[in-house]
Amino acid sequence: MHLTFALIEENVCNGRRCWSLNSKYYDIEKLDQYIFHSVPTSFFVLDERIPRILRELLTEAEGCLKSNYLTGASACARKIVYELGKLNKATGDNYEDRIRSLKDIHPEVDPTFFDTLLTIQQVTSTKVHENSFDGWEAKHLRVILATLKEVLHEIYVVPALRQDRRQAILSLKDELIPQQQEKKSVNPQTQAPVPAQT
């Protein structure tokens, strides 16, 4: 079964099968981007304020983890950190330095989250190329992916929610303050304020 959030209809165009989406016709290759082939993952749960590349990588990491592909999941997790560093202009010559830079750039995020992310390097460098995965299991990657979700939420979603709440409160406050023109009566001929009647 294939799932989609869009209404897709099958049609015949110029003698061959095609599909319409919102009254536009597509070949199957273009249509595939609107379909997901399994249970929705983080891509559909993560807030859209998180950049698309990060959502896609997290979805891929979770898919790998679901199939117990630890190398693929850890490589995606490390790529998320790389892209996050790029988006936030983190500095450093190596992975560890960039994580520390992100930690400095975002003091609002709990520093232990960034410390947890430093462990990704262990599984994607010597563990992949030289040693075995002794001691590394899916549960370790679940911790890393949960940490990444929280870091992304703290960086991209929380400030936006705070700003939305601030705007809502300010608009409520504006409703309480009477308009300046209603507060002061002005004589239209002289443009001078009318003295208050006693």
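1. The mean pLDDT of the protein chain is 77, and 65% of its residues reach 70 or more.

2. On how to read the values: this is a predicted model, in which local features need pLDDT of at least 70 and side-chain atom pairs count only at pLDDT 80 or more, while totals for chains, interfaces and linings use all residues. Residues are numbered from 1 along each chain as its sequence is written, and side-chain values use heavy atoms, with hydrogens and water left out.

3. Helix α5 spans residues 95–105. Helices are DSSP runs (H or I, at least four residues), numbered from the N terminus. Tyr95, Ile99, Ser101 and Leu102 are the buried residues of α5, where buried means under 20% relative accessible area (1.4 Å probe, protein chains only). They lie on the same side of α5 because they cover an arc of only 160° around the axis; the arc is that of the directions from the helix axis to the C-beta atoms.

4. His106 sits in the loop between α5 and α6. His106 counts as buried because its relative accessible area is 9%. Leaving aside neighbours within four places in sequence, His106 is in contact with Asn88, Phe114 and Ile155. Ile155 is 49 residues away along the chain, yet the two C-alpha atoms are separated by 7.4 Å. The side chains of His106 and Glu108 are joined by a polar contact of 2.9 Å (a pair of N or O atoms within 3.5 Å; within protein, one must be able to donate a hydrogen and the other to accept it, and residues adjacent in sequence count only if both atoms are side-chain atoms).

5. Glu154 belongs to helix α9, residues 138–176. Its relative accessibility is 19%, so Glu154 counts as buried. Beyond four places in sequence, Glu154 is in contact with Glu108, Val109 and Pro159.

6. The largest nonpolar core has 34 residues, and Leu84, Leu117 and Leu148 touch the most other members. Such a core is a set of buried Ala, Val, Leu, Ile, Met, Phe, Trp, Tyr and Cys residues joined through side-chain atoms within 4.5 Å. The helix that gives the most to this core is α9, with 10 residues.

Notes:
Buried means under 20% relative accessible area, exposed over 50%, partly exposed in between (1.4 Å probe, protein chains only). Helices (H or I, at least four residues) and strands (E, at least two) are DSSP runs, numbered from the N terminus. Contact means heavy atoms within 4.5 Å. pLDDT is the predictor's confidence in each residue, from 0 to 100.
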